[in-house]
Amino acid sequence: ALIGWWGLRALLALLPATPPAIADATLDLRVFAFTTAVAVATGVLFGLLPAFQGSRAGVEGLRDGGRGTVGGRRSQVTRNVLVIGEVALASVLLVSAALLLQTFVRLLRVETGFRAEGVLTMELALPPTVYSPPQAADFFARLTERLSAIPGVLGAGATSSLPLAGRETLQPVTIEGRPRARPGFEIVADYRLVTPGYFEAMGIQRVDGEIPRDSAAPAPLAVINETMARTHWGGENPIGRRVKLTSYDRPGPWFTVAAIVRDARHTALDGALRPQVYVHYRLDPWHQMWAVIRAAGDPAALGPAARAAVYAVDPNQPVSRMLTMPDVVAASVSDRRFSMTLVGIFAGLALALSVVGLYAVVSYSVAERIQEMGLRLALGAQPSNLLAMVLGEGFRLVTAGLALGIAGAWALTRFLDTLLFGVDAR
């Protein structure tokens, strides 16, 4: 009960940013009563078999010809089968844990398209009753200016949606001069509102063209990512071409492509890259934005100064969330980390049980065969021969368990495919 109480708290501490239903799990009297009943039933049930075998030891021992044995060959076979089953189960869980670990490592090595180190972010939600859309744009313009002036800040910007923060905004895209796309082949892009300093603050590199500058009345310019340029323009240069951020039939302003930037992972590290369109924040002001600050040193140390900059622009404006970008990236893979940790714990427990079971069976077999081994030594056998005999018995059990475990893991790989990334389950 004490280990369970401690283990539950350790488990809850590992929960991802969006916890599942297990977040409400607690230990209570019902759980304790259930555990007690299972423990008592286990002791009684598994104590009956050896007790029954012991009551028949005289007859069975004589029939099997094993002096001092309890249960004879039949009980030995039963123990061997149990150990083989434990090794097989441990093998399945260890294979699953190894695959999930490889997935997690590969996710952390995915090229994000931005430099997360040294970046501090904070979410701001302006009240629409106080700020009109133009006033909201002015607020973020003044805020980024103040943030850039903080000592130790290398750059500051703002965006309507932070990469890997869990928010998506999709817009249909129509390219000027192109015919209507066939149903199912329409262009849909991630839509982001950004200040001009956002790309530098996030470390998103410019590939071609010029990033639009800040202006009180910006021109209708757009920045696209490499995936959109490659997918929808092929070998052509999209700079100077015009796009409409609506469907083919709907009216809307035309934006001229001014620059191309590197692909950035917005939805998830394991998701496919999609077309992305960035638009100047004054062309479509939002009340909810993320401020992004690149620090020369520890970004968390800039927290108080960043809050002070917000209060300097509006003393009544709270900061809802303040996170470093590495924390945001870590939170985006928290579900996979949780799954990997759970399977790893179960695999470790299964491995420990199989080792204990294997030791019990081999040591019991040795105890039964002490007289036989003494006779072998008396007849000239070397100790190394006895050692090889005992190890061989254990090795045969492990080999049989591994064979079954690998076969079981192979059969279960189709259930793991949805949890893996960059790893072939087989």
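Author: Start with a strand pairing: Ile175 has Val243 of strand 7 as its bridge partner. Keep in mind that this is a predicted model.

Reader: How do strand 3 and strand 7 run, parallel or antiparallel?

Author: Antiparallel, with 2 bridges between strand 3 and strand 7, the latter being residues 242-244.

Reader: And how many bridges join strand 3 to strand 4?

Author: There are 4, and strand 3 (residues 170-175) and strand 4 (residues 187-194) run antiparallel.

Reader: Ok, salt bridges. How many are there in the whole structure?

Author: A search of the whole structure finds 15. One of them is between the side chains of Arg321 and Glu123, at 3.1 Å from N to O. Arg321 is in strand 11 (residues 321-324) and Glu123 is in strand 1 (residues 119-125), so this pair ties together parts 198 residues apart in sequence.

Reader: Is Glu123 buried or exposed?

Author: Buried, because its relative accessible area is 9% and the cut-off for buried is under 20%. Arg321 is partly exposed, at 38%.

Reader: What does Arg282 pair with?

Author: Asp138, in a salt bridge of 2.9 Å, N to O. Arg282 sits in the loop between strand 9 (276-280) and strand 10 (288-295), while Asp138 belongs to helix 5 (residues 133-148), so the bridge ties together parts 144 residues apart in sequence. Arg282 is partly exposed with a relative accessible area of 21%, and Asp138 is also partly exposed, at 32%.

Reader: Which residue does Arg369 form a salt bridge with?

Author: Glu393, with the closest N and O atoms 3.7 Å apart. This pair links distant parts of the chain, 24 residues apart: Arg369 is in the loop between helix 10 (334-368) and helix 11 (370-378), and Glu393 is in helix 12 (residues 383-416). Salt bridges that share partners put Arg369, Glu372, Arg376 and Glu393 into one network.

Reader: New topic. Which residues touch the most other members of the largest nonpolar core?

Author: Phe139, Leu143, Leu147 and Val277, out of the 46 residues in that core. Helix 5 gives the largest share of this core, 7 residues. As background, nonpolar side chains in soluble globular proteins tend to be buried together.

Reader: What is Leu143 in contact with?

Author: Apart from its neighbours within four places in sequence, Leu143 is in contact with Leu124, Ala291, Ala309, Val310 and Val313. There is also a second, separate core of 33 residues, which includes Leu99, Leu164, Ala259 and Ala425.

Reader: What about holes? What volume does the largest pocket have?

Author: About 650 Å³. Its lining has 24 residues, and the closest to the centre of the pocket are Ile3, Gly4, Trp5, Gly7 and Leu8.

Reader: Which helix supplies the largest share of that lining?

Author: Helix 1, with 9 residues. Helix 1 (2-13), helix 2 and helix 10 each supply at least two residues of the lining.

Reader: And cavities, how many of 30 Å³ or more?

Author: The count is 1. The volume of the largest cavity is about 70 Å³. Its lining residues include Val194, Thr195, Pro196, Phe199, Tyr278 and His280. Strand 6 (221-225) and strand 9 each supply at least two residues of that lining.

Reader: Last one, I clicked on Phe52. Where is it found?

Author: In helix 2, which covers residues 29-55. Phe52 is partly exposed, with a relative accessible area of 48%.

Reader: How far apart are Phe52 and Arg192?

Author: They are 74 Å apart in space, C-alpha to C-alpha, and 140 residues apart in sequence.

Technical notes:
Residues numbered from 1 in each chain as written. Predicted model: local features only at pLDDT ≥ 70, side-chain atom pairs only at ≥ 80, totals over all residues. Heavy atoms only, no water. Buried < 20%, exposed > 50% of the residue type's maximum accessible area, 1.4 Å probe, protein only. Salt bridge = Lys/Arg side-chain N within 4 Å of Asp/Glu carboxyl O. Core = buried A, V, L, I, M, F, W, Y, C linked by side-chain atoms within 4.5 Å. Contact = heavy atoms within 4.5 Å. Pairing = 2+ DSSP bridges. 1 Å grid on protein atoms, 1.4 Å probe; cavity = no way out; pocket = protein on both sides within 12 Å on 5 of 7 lines; lining within 4 Å. Points joined across faces, edges and corners; volume = space filled by probe spheres on them.
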